[in-house]
Amino acid sequence: MPLRSRASLLAVVFLLLSVACGGQETSQAESDSESTSRSTTDTTGATDPATSEPAAAGEDATYRAGANLCLSGAAGELGQQMQAGMELAVSNLDPDKPYGLEVVYADSMADPNAGVTVFNDLVRQDVPIVFTCGTTVLTATAPLAERNSVLLLNTSAGGPELAGLSPWLWNAFINTQLEAIAMADYMYNELGYRRVAINLRNDAYGVQTAEAFTPYWESLGGEVVEVVEHELNAPSQEQQVARLAAISPPPDTIYLMTAGADAGTFIREARQAGIEAPIVGINGVESQAVLDIAGEAANGVVYTAAGFNLESDDPITQQFVESFEAEFGDTEVPNTFLVSYYQGVLVWSQLIDHILDQGGEVTAESLRDGLTEVESFQGIGGSEIVFEENGTAVLPVAIKEISDGSFELIEIVETE
Amino acid sequence: MGYIENLIVLAALFAALAVTLNLLMGTGGLFSVAHALFFGLGAYSSSILTVTAGWPWVATLPLAVGVAALVSLLIALVSLRVSEDYLIIGSFGLQIIGTNVLLNWRGLTGGPVGVSGIPLPQLFGWHIVSGPDFVLLAGATLAVTALVVGSLQLSPFGRGLRAIRDDETAARACGKAAVAFKVQAFLIAGALAGLAGAVYASYIGFVSPEQFTIELSILFLAMIIVGGVGTIRGAIAGAVLLLAVPEILRALSLPRDLIGPGQQVLYGLTLIAFALLRPQGLFPDRSSSVAVGE
Amino acid sequence: MTLFVQLFIGGIAAGALLAPIAMGFSLILGVAKFWHLAHGAVILLAGYLAYVLAQQLGWPLWAVALAAPLFAALVGVALNAGLYEPLRRRGVSAIVMLIASLGAFIAINNALAIAFSFDPRVVRFELFARSWRLGEYYIDAIEITAIVFAAVAGIVTHQVLRRTRAGLSLRAVISSGGMAQVVGVDLAAARRVAFALGSALVGIPAVLIVADNGITPNAALEVVLVAAVATIVGGIGRLMGAYAGAFLVSVLQFEAAGVVSPQWGPTVVFGVLIVFILVRPTGLFGGPLWKSQV
């Protein structure tokens, strides 16, 4: 190898070695058994991850959180809704509270690699809690959250594998498992359906909903007559529509396990193809994109959603509705994720209240412990959010219907 | 796991991949956009074996390397009889097929959910657990890769490969010999990419199809173009530089939702800029009169 | 059986949408002699223009249908003049042209994402709200429009190439490149025409995409790559081959969806590509084996 490239190679190696050995962190290795959690603790000079200085009398502390959201890329629409929800909540914070809230927003692009880098960056900025979106990003950052003692709060991903994944990962969103079961009960008992065809999105969201639904549906006595799949952001679903149209006799309903534009595309193309079977869906169906793309074809679609009863007259809900309308106008429908992240900030604020009431310091540990210490949190719609030991919250599921370009509530189902 | 350490690990692994791609593109003139696939195959093979079959990480390495090498044979086949144009588009095609298979062959790969819970690696008694440990492992991977590729580039094999690159007609006249060279180049590049994949999987802790898409292949391509096709130094420089782009954007506090596409716009403009201003890259291959840019 | 007939109808409609795009791509490849991946960006730009004109400025459909191809042609010519010709003057290789094209594609694609977000942008035109059933089969207004346009575009392009002076020059450049210059063909002018015509062809398909399920930056790369597949399947240098190839590939993909699950579509399409490269790289309608020269 020529001298110069050999020298450069050595330089690189030397650089890497010096970083590896000369770093300030010492690490305690734990046995690498089959456990999924990489529980290594770094002990740096500063062990307290919170940035808040103790508030002197009359001075307001600012508590910070990170937000690792999918602001661009395929799920960019949703990430921006989430950010909007958080910003709205932060600006709605009661000015009488002895503290302020600040959120550092970052874009994970729904990509686990980028999400990990973003997470590390947020940790460097000493946030004790990171609101995170996206099942793959959550799965990728959970081990790091443990290593760094940072609380991950998930208020959007409904994948069942997230429950109990890590003591530092807490979920406050309805799980598509819950939705699927609630919808199964509703379809079987209220609507009388027996034969279902499924159109699912080929990713964790769609696949896991189907995995939760099918055995339960069959245990009730129902039948799944056909399953078709589509890719995220498929430009058209004519092939899937053709397969479903060919089912003979036609199914009682088509269960759409997808979201946004994909749901809209399918609904529109299915109706144009003359498929008359009623369509049901999961929370992703509640989206402006569905109304834009499917238009009138979307009327009558029944779906499950997070049970946010925006008609409730409790002050929290009222404040949300009013500030939402002031910001976005009264024709826009609050996106479920916007509401959920707003609610997430509410939970965060209530955690801080709880910690301060007890005279403690706001750290990642105290935030995490607070989740189970507080009996229930006040959520949107007058609901009470209770966190279980396994890291998930019990939340109500709403059955809703698209009607004349708006999302109407049919009923709210309490889940256990 | 510090922020900087994470960047260094990723930089070292991506640099290793850029170096192997460099063997193909720079030395061999074989343009392939399927590199993320080999990376992914190594990662998946290793992960599936450790998670579902309980193999120790070290034992999975030969298989990770082997699977990646085998699939790269497929690409080699595509390159053999036809010109580089077909190779380019063919490699696009193979990359997309690869991601599609990883996504849909649920029984084997776990489908969209991928494989998670990958245990920490152990190398002959050395437990790789912490940030600095991974920096060492990634660095070692880069070093091994660079040494292998570097030695090959200087050897008669490398000279032969360059000769084939420079004059395809003469290469065709050499018939079988040329074929053998190309196939070997692909095998080695694929194998080393698979090795990097196995290391990567054990570091991140889980693999999914979206980590190994055509966008990543294009990123590797950009690294070579920027760094300089044909030199190892160039590949490493390109990797480090292009990984720094999103970090710089983050540091500049761009509006959050602009960082993702903004970063891509920068990559695109960078490619154009280098094509216009310095097609031979930052560290061009001066050992041959014919580089990509000429 | 019903299923397969319906899938055939859907496949023809999808092929009709792709055919003008593939023809344009093939034309540019044949005349300018490199892979103009930024073709996908031209489609996006035309589509977003249609969206802005119709949705935000309230233009009627016929005006949008005139504006879109014109704008697309302008963009194509501008790309050529602003990026490719300068690169040519620097004497870069075809690979570098491809990379610059890729860079332009990435930059434009993501700039549009910044401007319009990744949400699909849809326009509902009254004319397209209809669909028809014939027994058990169905087709909608957009699909019929696509088929009609593809027929018109195919005939017009064919006639232009056969009957006009410009068309003859184009064919001369496609079949014999540099030699055409010897007999007096102005290569640069031919390229301008090729970019203008080839880009104009994507205007109407772009409008149809906007009217159907909306335009979004997400699928653009795959559209271009599938156009490339159609080009190779038809035989590089054979415009009508690309045209036929578009239908073939689309119908194949649709029919496959009746046998295996639709999400294997990309594997089917690019699998066809690999098969052709390995077995018949000259394409169905055969031409010489292709090699890009710049």
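Visitor: How many bridges join strand β8 to strand β10 of chain A?

Guide: Five bridges join β8(A) to β10(A), residues 253-257, and the two strands run parallel. Two strands count as paired if DSSP finds at least two bridges between them. Helices (H or I, at least four residues) and strands (E, at least two) are DSSP runs, numbered from the N terminus. In this pairing, L200(A) stands opposite M257(A).

Visitor: Before we go on, what kind of model is this?

Guide: This is a predicted model, where local features need pLDDT of at least 70 and side-chain atom pairs count only at pLDDT 80 or more, while totals for chains, interfaces and linings use all residues. Residues are numbered from 1 along each chain as its sequence is written, chains are lettered from A and ligands numbered from 1 in the order in which they are written, and side-chain values use heavy atoms, with hydrogens and water left out.

Visitor: Which strand pairs with β8(A) over seven bridges?

Guide: That is β9(A), residues 223-230, again in the parallel sense. R201(A) faces H230(A) there. Together with helix α6 (residues 204-220), β8(A) and β9(A) form a right-handed β-α-β unit. Right-handed is judged with the strands pointing away from the viewer: the path from the first strand over the helix to the second runs clockwise.

Visitor: Is β8(A) mostly covered or mostly uncovered?

Guide: Mostly covered, since six of its seven residues are buried. Buried means under 20% relative accessible area, exposed over 50%, and partly exposed in between (1.4 Å probe, protein chains only). Across chain A, buried residues make up 58% of the 416 residues.

Visitor: Why is helix α7 of chain A described as largely enclosed?

Guide: Seven of the eight residues of α7(A), 238-245, are buried, so the rest of the structure largely encloses this helix. Among the buried ones are E238(A), R243(A) and L244(A).

Visitor: How should I read the interface of chain C and chain A?

Guide: The size of an interface is often given as the accessible area lost when the parts come together. Here about 2,300 Å² is buried between the two chains, 51% of it on carbon and sulfur atoms. Buried area is the accessible area (1.4 Å probe) that two parts lose on being put together, summed over both. In terms of contacts, 30 residues of chain C meet 27 residues of chain A.

Visitor: How many salt bridges cross that interface?

Guide: Side chains of opposite charge can pair when their charged atoms come close. The rule, a side-chain nitrogen of Lys or Arg within 4 Å of a carboxyl oxygen of Asp or Glu, finds one salt bridge across this interface. R268(A) and D212(C) form it, with the closest N and O atoms 2.9 Å apart. R268(A) counts as buried at 6% relative accessibility, and D212(C) does too at 17%.

Terms used:
Contact = heavy atoms within 4.5 Å.
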